[in-house]
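Q: I would like to go through this model with you, one local feature at a time. Could we start with the terms we need?

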Amino acid sequence: MIFGLLKDRKNGEYRTIATPTEILTIAGAGHTALVQSGAGEKAGFEDEAYKAAGAKIVETAEEIYGQCDLVTKVKEIEPPEYDLLREGQILLTCIHPAAHPEEVQALLDKKVIAFTAEDSHRYGSPNCEAAGKQGALSGLHAMLTTNGGKGKFVSGLAGAPGMNVVILGAGVVGRSALGVLHALGAKVTVMDISLGVLREIEAQYHNAVDTMYCTKENIRRLLPATDMILNCVKWPKGNPEFLVDREMLQLMEKGSVLVDISNDPGGAIESFHETTHEDPTYVENGVIHYCVSNIPGAIAGSTTVAYAAAMLPHFMKILNDGVTEACVKDGFLRRSLTVYKGLLTHEETSALQQRPWIRPEDVLGIAERDLDPAPPATITRSNNFIVL
């Protein structure tokens with residue numbers, strides 16, 4: 001196959017999904033690799049390094065889309081790219097389909113085969129780890145007096161107590177944020193709806209971290225003494241409730257910080273709206289909100305290396321075995337199949353956009369085979385099936 005690496009065009013996105021190391025593996029397996037000029041530059045990987053690894057450097061996205069069988073980058077397919085898509089072309093990128101109906105429609109209209117990368121991670125995305133760790137540090141930066149915060153130092157000073165931090169959600173994002181904040185000396189309370197997960201955290205940190213069951217009422221009890229709250233919850237899309245509503249912000253002292261790492265419109269934080277690295281914060285009810293949508297882009301070098309390593313097995317399965325056999329061998333890749341030649345194959349998108357869908361196993365004709373198992377990507381279910 002011909003593999004194509006695009007330069008991401010989203011504002012503030014500096015990562016790439018493949019480094020010269022991955023290109024060496026792809027080219028070494030006999031595939032052709034095309035890399036758009038500048039694709040890895042912001043992450044510290046120059047065109048010459050890709051060329052030395054065996055890639056051909058091309059100038060435009062049009063050349064990538066026009067020649068490549070498998071096309072990849074970090075973020076969503078954007079409107080200027082829709083007309084470049086070719087029927088049967090394979091895409092692997094972070095589509096976030098349930099939240100982007102126009103993008104989904106374009107992928108369906110163009111009859112491409114598209115995988116949404118965020119659902120493909122067996123051990124959690126490196127981007128989630130990066131977002132949790134850097135999100136914690138960005139929250140501390142927002143706490144500085146010079147940035148409008150109330151100026152508390154994370155671990156405190158002699159005679160002055162440190163910060164009280166609440167983390168909502170103890171998945172990969174929340175645990176990553178916890179690791180940074182605990183190491184820096186913050187007093188942290190972690191909230192989750194899994195008592196098993198909370199027990200694991202208590203054991204891991206030898207009871208030096210407080211844990212609480214995550215309810216709106218428990219959050220409200222903590223907020224008056226909370227200096228910084230981090231939202232790391234994967235909130236079910238379409239849920240009209242909030243974990244933290246605007247009224248609850250009034251319980252916090254002015255200059256406190258809210259970091260919404262999950263970054264979902266209509267998510268767990270009512271006062272959320274997306275911000276950028278260039279203008280990362282805003283103030284509502286006296287609380288500094290940090291809501292940058294692509295936090296890992298701030299540490300593009302490290303995130304790129306970790307993310308590319310995680311994605312390489314998916315690339316190689318598709319390139320070497322084709323889409324069908326790759327989906328047999330890897331259940332997490334199979335569950336991330338989003339559209340297949342004009343048919344929606346993503347259950348959450350079906351439920352939230354009221355579109356009919358078909359299971360990847362059925363559209364690929366592999367339902368009776370011995371498949372690598374994988375749990376559903378989300379709790380959202382849809383019975384609006386396409387019948388072939």
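Predicted model: local features only at pLDDT ≥ 70, side-chain atom pairs only at ≥ 80, totals over all residues.

Q: Which class does K111 fall into, then?
A: K111 has a relative accessible area of 39%, so it is partly exposed.

Q: Where is K111 found?
A: K111 is in the loop between α5 and β6, just after α5.

Q: What is the phi of K111?
A: The phi of K111 is near 55°, which is a positive value in a residue other than glycine.

Q: Why point that out?
A: Because most residues other than glycine have a negative phi.

Q: Let us look at α5 itself. Which of its residues are buried?
A: Helix α5 covers residues 101–109, and E103, V104, A106, L107 and L108 are buried in it.

Q: What covers them?
A: The cover includes the helices α4 (79–82) and α13 (347–353). It also includes the strands β5 (90–93), β6 (113–116), β14 and β15 (343–344).

Q: You mention β14. Where does T338 lie?
A: T338 lies in strand β14, which runs over residues 337–340.

Q: Is T338 buried or exposed?
A: T338 has 0% relative accessibility, so it counts as buried.

Q: What does T338 touch?
A: Leaving out residues up to four places away in sequence, T338 touches I95, P97, A114, F115 and T116, and also L343, L344, T345 and H346.

Q: Changing topic: how many aromatic pairs are there?
A: The structure holds 2 aromatic pairs. In one of them, the ring centres of F3 and F315 are 5.2 Å apart and the planes stand at 65°, so the pair is edge-to-face.

Q: Which parts of the chain does that pair tie together?
A: F3 belongs to strand β1 (residues 2–5) and F315 to helix α11 (residues 300–329), so the pair links parts that are 312 residues apart in sequence. Both F3 and F315 are buried.

Q: Staying with α11, how does α1 pack against it?
A: Helix α1 (residues 20–28) packs on α11 at an angle of about 20°, and the axes are 10 Å apart. The two are therefore roughly parallel. The crossing of α1 past α11 is right-handed.

Q: Which residues meet there?
A: From α1 there are E22, T25 and I26, and these meet A308, A309, L312, M316 and L319 in α11. By class, that contact has 6 nonpolar, 1 polar and 1 charged residues.

Q: What about α6 and α7, at what angle do they pack?
A: Helix α6 (residues 126–143) and helix α7 (residues 172–183) pack at about 45°, with their axes 7 Å apart. That angle makes α6 oblique to α7. Here, too, there is a right-handed crossing, with α6 passing α7.

Q: Which residues make that contact?
A: On the α6 side they are C128, E129, G132, K133, A136, L137 and L140. On the α7 side they are V172, V173, S176, A177, V180 and L181. The contact of α6 with α7 divides into 9 nonpolar, 2 polar and 2 charged residues.

Q: Next topic: I64. Where is it found, and is it buried or exposed?
A: I64 is found in helix α3 (residues 61–67). The relative accessible area of I64 is 0%, so it is buried.

Q: What is I64 in contact with?
A: Setting aside neighbours within four places in sequence, I64 is in contact with G4, L5, L6, L34, V35, Q36, V58, V71 and Q89.

Q: And how far apart are I64 and Q105?
A: They are 21 Å apart in space, C-alpha to C-alpha, and 41 residues apart in sequence.

Q: Last one: where does K51 lie, and is it buried or exposed?
A: K51 lies in helix α2 (residues 47–52). With a relative accessible area of 51%, K51 is exposed.

Terms used: Residues numbered from 1 in each chain as written. Heavy atoms only, no water. Helix = DSSP H or I, 4+ residues; strand = E, 2+ residues; numbered from the N terminus. Buried < 20%, exposed > 50% of the residue type's maximum accessible area, 1.4 Å probe, protein only. Contact = heavy atoms within 4.5 Å. Phe/Tyr/Trp six-rings, centres within 6.5 Å; stacked < 30°, edge-to-face > 60°. Axes fitted to C-alpha atoms, helices over the stretch in contact; angles between N-to-C directions. Parallel < 35°, antiparallel > 145°, perpendicular 65-115°, else oblique. Left-handed = near helix turned anticlockwise from the far one by under 90°. Nonpolar A, V, L, I, M, F, W, Y, C, P; charged D, E, K, R; others polar.
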